[in-house]
Amino acid sequence: MAVVSGVVRPIGLNDDRDFNADNAGRDTIRYRIPVGAAVALPLQVDATLYYQSIRPTFIDGLHGEHEWVHEFQTIARLNPPPAEVMAELNFEVQ
């Protein structure tokens with residue numbers, strides 16, 4: 001795995017200490033969802049992680065008069081980049 005230069009790095013990570021720790025390409029994300037006292041347990045949680053190589057908003061936001069810009073946008077609209085399922089997780093909260 002290539003080591004990322006100090007010049008090219010993500011910004012805005014704030015206190016995310018394990019983002020790409022040891023350059024391993026991983027991160028831990030925690031979601032805290034408040035549940036009111038009126039909610040009856042158990043709760044079923046279904047989570048799906050998707051990956052999309054190019055966001056549609058990126059394609060729509062491209063500007064320029066070069067023919068390649070228009071060609072890329074046309075190709076992407078005719079063959080939209082799929083949102084691929086990377087992982088799924090289902091569990092019950094007691």
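I29, Y31, I33, V35 and V39 form a nonpolar patch on the surface, and together they have about 580 Å² of accessible area. This is a predicted model, in which local features need pLDDT of at least 70, side-chain atom pairs count only at pLDDT 80 or more, and totals for chains, interfaces and linings use all residues. Residues are numbered from 1 along each chain as its sequence is written, and side-chain values use heavy atoms, with hydrogens and water left out.

User: Why is I33 called exposed?
Analyst: I33, which lies in the segment before strand 1, has 70% relative accessibility, and because exposed means over 50% (buried is under 20%, partly exposed in between, with a 1.4 Å probe and protein chains only), I33 counts as exposed.

User: What makes D60 and R77 a salt bridge?
Analyst: The definition asks for a side-chain nitrogen of Lys or Arg within 4 Å of a carboxyl oxygen of Asp or Glu; the closest N and O atoms of D60 and R77 are 3.5 Å apart, so the pair qualifies. The pair links distant parts of the chain, with D60 in helix 1 (residues 56-61) and R77 in helix 2 (residues 67-78), 17 residues apart.

Notes
Helices (H or I, at least four residues) and strands (E, at least two) are DSSP runs, numbered from the N terminus. Patches are made of residues with over 30% relative accessible area and no salt bridge: like charges are joined within 9 Å, nonpolar side chains (Val, Leu, Ile, Met, Phe, Trp, Tyr) within 5 Å. Accessible areas come from the Shrake-Rupley method with a 1.4 Å probe; for residues, only the protein chains shown count as cover.
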